[in-house]
Amino acid sequence: MRKICFWSYSDEYSRLRERILSSIGNALGSGRLILGPRVEEFERRFSDYCGVQFGIGVNSGTDALFLALKALGVGIGDEVITVSNTAVPTVAAIRAAGATPVFADVEEDTFLMDASKLEGLISEKTKCIIPVHLFGQPADMDEILQISKICNISVIEDCAQAVGAQHKGKKVGSFGALAGVSFYPTKILGGYGDGGMILTNDKALYERAKMLRFYGMKDEYCSEIEGYNSRLDEIQAAILLLKMDELDAQAAKRQRIAEKYSTGLSGVEGVKTPMTKTDRTHRFYAYTICAERRDALKEYLAERAIETKIYYPVPIHLMKAYEFLGYQKGGLPATEKLSERILSLPLYPGMPEDDVEIVIESIREFYLK
Ligand SMILES: *Cc1c(COP(=O)(O)O)cnc(C)c1O
């Protein structure tokens, strides 16, 4: 039985191998290994692509969010509203800044932040809202921005899973005061190691975030503000630059696979396929269904060598590490209900069509049994 991987970059690597190796060679021979001309070119090209004025290459998506919070001056005693069904890094970044996460429940049909819940969560201490464009679909930025304006609260977008996705014709990363992007290998634009970027249209925030990534320095060896070390290296920038050439083409492949899944699984009783709101585009970082008898289905697929994932099995507010926040089971009903049903299917740009068929057939079989 051939294994169907959840994610793989082997097809990409064999296709781009020569170009990747030669770009690494050029970077290594250039005499500049970190924060050099490749990083600067990548910052320009990527921020341009997102329709944003400034980009700051950093070490990871987590750091991008952390430094964005620091650039806004968010710290101890402040509250940051986000969602509980996200990757832990969103919350880890808030905690690293010293602030307290406050969780908004989500919309059951899109898995995204429920903007109607925000007003009830805003307090004197609220400094920032971090919507997560989960699985590749933008959150409702109209509603979220409107509330943030009325209450004078900043917005940082977590774009880690949704690079290039649009809401009403505008790309994610261009809505908030700042945005954080991840170039972790599995992401929409993945490097061959860690990497991330802060995006902003605000010159003052750009300058502050840029100093924060390098010990708070503007000039050599002299810190203007207290800073950190979070740098992007020339090798990653070189690889990411060449992968930008095919970013939209690869994302379109994700969309085609998602369409195939949705067509193939339509009408299967027990499965709800993911929905995309009509005013948005979806990048399908993950193709996530809601499944009856989810755990049995996962097991059934595993027996057929089909790898699936639960994004995410335990909502963050119920994780051991975050018990101290004081949330109880039942505190976020939609988030908790979804966590028992969601299942993400294999999906990556180079996934063979036959494999998609096999996954669809196996799921159909399971529910016919
Ligand atoms: C991957 C991810 C991050 C963090 O990115 P890293 O580069 O792994 O630090 C943040 N938020 C979300 C939603 C993610 O999926």
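Predicted model: local features only at pLDDT ≥ 70, side-chain atom pairs only at ≥ 80, totals over all residues.
1. Helices α2 (37-50) and α6 (203-212) each contribute at least two residues to the lining of the largest pocket.

2. The length of α2 agrees with expectation, because its 14 residues at 1.5 Å a residue should span 20 Å and its end C-alpha atoms are 20 Å apart. Buried in α2 are Arg 38, Val 39, Phe 42, Glu 43, Phe 46, Ser 47, Tyr 49 and Cys 50. These residues lie on the same side of α2, because they cover an arc of only 150° around the axis.

3. On the face of α2 turned away from that buried side, the exposed residues are Pro 37, Arg 44 and Asp 48. Gly 51 follows α2 and has a positive phi, near 75°.

4. Helix α8 (residues 247-265) has 19 residues, which at 1.5 Å a residue should span 27 Å; the end C-alpha atoms are 27 Å apart, in agreement. The buried residues of α8 are Leu 247, Gln 250, Ala 251, Arg 254, Ile 257, Ala 258, Tyr 261, Gly 264 and Leu 265. Their arc around the axis is only 150°, so they are on the same side of α8.

5. Exposed residues Arg 256, Glu 259 and Thr 263 sit on the face of α8 turned away from its buried side. Just after α8, the phi of Gly 267 is positive, about 85°.

Conventions:
Residues numbered from 1 in each chain as written. Heavy atoms only, no water. Helix = DSSP H or I, 4+ residues; strand = E, 2+ residues; numbered from the N terminus. Expected span 1.5 Å × (residues − 1). Buried < 20%, exposed > 50% of the residue type's maximum accessible area, 1.4 Å probe, protein only. Arc of directions from axis to C-beta.
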